[in-house]
Number of protein chains: 2
Amino acid sequence: MKKKYLLAPGPTPVPERALADMALPVIHHRAPEYVPILQEVRDNLKYLFQTKQEVLIFTSSGTGAMEGCVSNLLSAGDHALAVRGGKFGERWFDICKAYSVNVEAIDVEWGYAVKLEQVESALKKNPEIKAVFIQASETSTGVYHPVKEIADIVRKRNNTILVVDAITALGVVNLPQDEWGIDAVVTGSQKALMLPPGLAFVSLSDKAWSFAEKSNLPKYYFNFKKEKKSLEKNQNAYTPNVQLIVGLREVLREIKEEGLEQVFKRHADLANATRQAVQALGLKLYTVDKPSNALTAVWAPEGMDAGKITKLIREKYGITIAGGQDAAKGKIFRIAHLGYSGYFDVITAISALEAVLKELGYKFETGAGLKAAQKALFGE
Amino acid sequence: MKKKYLLAPGPTPVPERALADMALPVIHHRAPEYVPILQEVRDNLKYLFQTKQEVLIFTSSGTGAMEGCVSNLLSAGDHALAVRGGKFGERWFDICKAYSVNVEAIDVEWGYAVKLEQVESALKKNPEIKAVFIQASETSTGVYHPVKEIADIVRKRNNTILVVDAITALGVVNLPQDEWGIDAVVTGSQKALMLPPGLAFVSLSDKAWSFAEKSNLPKYYFNFKKEKKSLEKNQNAYTPNVQLIVGLREVLREIKEEGLEQVFKRHADLANATRQAVQALGLKLYTVDKPSNALTAVWAPEGMDAGKITKLIREKYGITIAGGQDAAKGKIFRIAHLGYSGYFDVITAISALEAVLKELGYKFETGAGLKAAQKALFGE
């Protein structure tokens with residue numbers, strides 16, 4: 001018997017009560033029993049997004065809602081700016097390209113956050129830029145970009161919006177859409193929302209909605225105006241994944257019960273403990289500036305293939321963590337602590353990591369990582 | 001206690017074993033344990049589609065794959081033909097319009113199948129037509145269009161493909177893609193595949209793939225070439241709905257175990273019994289030519305609002321059937337018999353229908369519908 005642990009930055013573990021709810025027979029999405037479920041979900045999504053806007057729901061992975069932000073907010077020939085400091089920044093760039101948007105990139109070294117001056121100067125150089133695309137938490141590098149400060153810059157320009165991929169940030173760190181004036185916030189179901197993959201969400205500011213009015217790019221399934229109109233009648237435009245909506249009701253209740261402030265503090269505590277622990281083992285954080293609280297990206301010890309760590313930790317101890325992607329492949333491993341995660345998930349991850357590093361011949365004082373995590377979590 | 005029955009044309013009931021499998025903790029879509037699941041699913045989808053082609057899998061509702069057929073197979077300014085004989089035929093037309101395709105429609109009266117001469121003459125009149133879009137089973141009217149014969153017509157034209165929305169047809173009636181030479185077959189998870197909504201599928205012929213090579217319309221999430229390339233490496237391009245893929249493994253096993261031939265026969269038997277029963281009650285079939293085996297669409301008795309039937313049958317007996325959509329709203333009701341459906345679902349539907357019609361004041365001989373259904377299912 002090998003007990004299984006999912007500690008990757010998405011999909012993440014699903015709370016038992018949500019799994020149970022989703023195992024119930026399917027209900028029809030136009031039947032009266034669906035009405036209060038969707039209503040509650042819509043209300044609580046506003047709480048999660050910290051917005052008074054309608055949060056759009058799509059049956060797709062997060063990428064679908066990202067694409068929708070391009071096809072619904074821009075028009076043919078528009079100019080855009082993408083912060084490209086990881087795999088998901090590249091995705092913003094690629095989606096813009098697919099729609100023939102004149103996109104330019106700010107290339108940021110992997111592991112680093114974009115500098116405000118870079119954004120300011122790019123916007124100054126090209127006053128035609130209508131949208132800035134960025135990740136809040138760039139999952140491939142573990143970087144948290146300075147969303148609030150960038151929102152302050154973009155807000156001053158009447159004809160530019162800020163579109164934030166918050167797929168591993170929303171429900172992890174404080175990201176109050178209305179207060180900060182973020183024009184579009186995207187997330188997915190399989191991260192801090194603690195559900196299986198299959199739902200994507202996006203919420204727009206009034207300014208972004210005015211862009212949507214003018215957009216002429218082709219769209220059909222990811223049609224923001226159509227979905228908003230349907231949701232305001234408490235319906236989904238197209239057949240939704242009913243099971244996930246039922247699960248969503250439960251996880252949103254759990255988030256609301258814990259309270260956003262405590263949810264953010266929990267993630268910060270877990271992230272801090274994980275960072276302390278890996279550094280106590282003599283390992284180096286991959287994320288230089290500034291680490292996301294969703295996951296901790298770590299360089300493998302000098303000369304060691306990171307793939308060996310992720311493989312051994314899975315095969316021997318049943319724990320799924322993530323390796324590096326693209327440029328970081330084989331060089332780093334990533335331990336997630338987002339969603340349905342608690343103190344002992346960190347302790348488990350560090351314990352297994354110590355065991356695996358020892359087996360792979362890396363030298364350190366046994367228990368040093370655990371001791372650091374324990375101190376960080378519970379005090380000296 | 002009111003026992004619940006889902007007898008609508010999608011979502012449909014999910015087999016208990018699939019529900020149980022989907023209630024298990026989420027596995028990671030890049031982990032080794034996902035590999036044999038996706039491999040088995042890919043193999044068995046080929047069995048279901050009766051094709052040697054890779055069947056593409058998207059996390060979305062069926063509409064997403066329909067949109068993908070337009071954006072991946074056509075180019076800006078191309079000409080297309082849509083058979084518009086119901087709500088879903090309209091959808092083909094609308095998607096083409098959204099992508100600025102020069103689409104013309106064959107308008108078919110609701111309740112009727114398109115005539116072969118209509119297709120032939122439209123194609124003759126406009127030799128530029130590159131794609132014919134049609135439903136196999138038009139769910140809004142219960143009509144089965146003559147797919148095989150239309151495929152015979154389209155196949156003769158080197159520069160035209162036939163794209164079939166088989167969302168309520170695949171796994172209901174025989175629709176052998178390769179043998180009939182259908183260029184694109186679309187389906188969704190929540191119909192004969194007996195799963196919750198959330199997955200869409202599409203399989204292309206070699207001819208359609210050659211169209212995909214030339215297409216220049218914008219696409220990103222529904223990128224057929226990208227998804228094919230990923231699947232050939234036994235991966236999904238974007239994070240898939242893992243729970244539904246796990247459920248899909250189970251339902252495809254069940255379909256394979258029953259055997260396609262028997263699956264089709266079962267649906268034909270249930271459809272026939274339902275049609276016999278409603279007619280024995282003096283009701284008129286809405287579908288004149290030719291009824292789909294997925295569902296039976298029926299006119300409400302003269303002067304009776306069909307909405308009363310669907311409402312009462314749900315509220316009093318816990319049974320969800322469907323009303324009419326758009327033009328047919330309030331006029332018809334639709335009883336589905338697709339997917340995880342058996343003899344006694346028909347018996348249950350007819351028993352409840354009799355009870356409700358009686359309560360609403362319609363005159364008929366009690367038990368006449370049941371008697372007809374019983375004879376049809378079990379012999380005289």
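## Two domains in chain A

In this predicted model, the domain assignment divides chain A into domain 1, which covers residues 5-10 together with 259-378, and domain 2, which covers residues 16-257. The centres of these two domains of chain A, taken over C-alpha atoms, are separated by 27 Å.

Where the two domains of chain A meet, 25 residues of domain 1 are in contact with 23 residues of domain 2. On the side of domain 1 of chain A that touches domain 2, the elements giving two or more residues are the helix α11 (260-280) and the strand β11 (295-299). When the residues on that side of domain 1 of chain A are sorted by class, they come out as 13 nonpolar, eight polar and four charged.

## Helices α11 and α13 of chain A

Two packed helices are described by the angle between their axes and the distance between the axes. In chain A, helix α11 packs against helix α13 (residues 343-359) at an angle of about 20 degrees, and their axes are 10 Å apart. Because angles under 35 degrees count as roughly parallel, α11(A) is described as roughly parallel to α13(A), and the crossing of α11(A) and α13(A) is right-handed.

From α11(A), the residues that make this contact are A:Leu270, A:Ala273, A:Thr274 and A:Ala277, and from α13(A) they are A:Val346, A:Ala349 and A:Ile350. By class, the contact of α11(A) with α13(A) consists of six nonpolar residues and one polar residue, with no charged residues.

## Helices α2 and α10 of chain B

Another pair of helices can be followed in chain B, where the axes of α2 (residues 34-49) and α10 (residues 242-258) come within 9 Å and cross at roughly 45 degrees. That angle makes α2(B) oblique to α10(B), and the crossing of α2(B) and α10(B) is left-handed.

On the α2(B) side, the residues taking part are B:Ile37, B:Leu38, B:Glu40, B:Val41, B:Asn44, B:Leu45, B:Tyr47 and B:Leu48, and these meet B:Ile245, B:Val246, B:Leu248, B:Arg249, B:Leu252, B:Ile255 and B:Lys256 in α10(B). Sorted by class, the contact of α2(B) with α10(B) holds 11 nonpolar residues, one polar residue and three charged residues.

## Where chain B touches chain A

The two chains also meet each other, with 43 residues of chain B in contact with 42 residues of chain A. On the side of chain B that touches chain A, at least two residues each are supplied by α1, α3 (62-73), α4 (87-98) and α10 of chain B. The residues on this side of chain B divide into 25 nonpolar, 14 polar and four charged.

One residue that touches chain A is B:Glu67, which is found in helix α3 of chain B. Is B:Glu67 buried or exposed? With 30 other C-beta atoms within 10 Å, B:Glu67 is buried, because the cut-off for a buried residue is 20 or more such atoms. Not counting residues up to four places away in sequence, B:Glu67 touches A:Tyr220 and A:Tyr221 of chain A, and also B:Ile95 and B:Phe222 of chain B.

## Backbone details in the loops

Most residues other than glycine have a negative phi, and most peptide bonds are trans. A cis peptide bond joins A:Asp289 and A:Lys290, with an omega of about -15 degrees, and A:Lys290 has its place in the loop between α11 and β11 of chain A. In chain B, the peptide bond from B:Gly10 to B:Pro11 is cis, with omega near -5 degrees, and B:Pro11 is found in the loop between β1 (5-6) and α1 (16-22) of chain B.

A positive phi, near 60 degrees, is found at A:Asn234, a residue other than glycine, which lies in the loop between α9 (224-232) and α10 (242-258) of chain A. With 13 C-beta neighbours inside 10 Å, A:Asn234 counts as partly exposed. In chain B, B:Asn234 has a positive phi of about 60 degrees although it is not a glycine, and B:Asn234 is found in the loop between α9 (224-232) and α10 of chain B. B:Asn234 counts as partly exposed, with 13 C-beta neighbours inside 10 Å.

Technical notes: Residues numbered from 1 in each chain as written. Chains lettered and ligands numbered in written order. Predicted model: local features only at pLDDT ≥ 70, side-chain atom pairs only at ≥ 80, totals over all residues. Axes fitted to C-alpha atoms, helices over the stretch in contact; angles between N-to-C directions. Helix = DSSP H or I, 4+ residues; strand = E, 2+ residues; numbered from the N terminus. Parallel < 35°, antiparallel > 145°, perpendicular 65-115°, else oblique. Left-handed = near helix turned anticlockwise from the far one by under 90°. Contact = placed C-beta atoms within 7 Å. Nonpolar A, V, L, I, M, F, W, Y, C, P; charged D, E, K, R; others polar. Domains from an automatic or database assignment. Buried ≥ 20, exposed ≤ 12 C-beta atoms within 10 Å, placed from the backbone.
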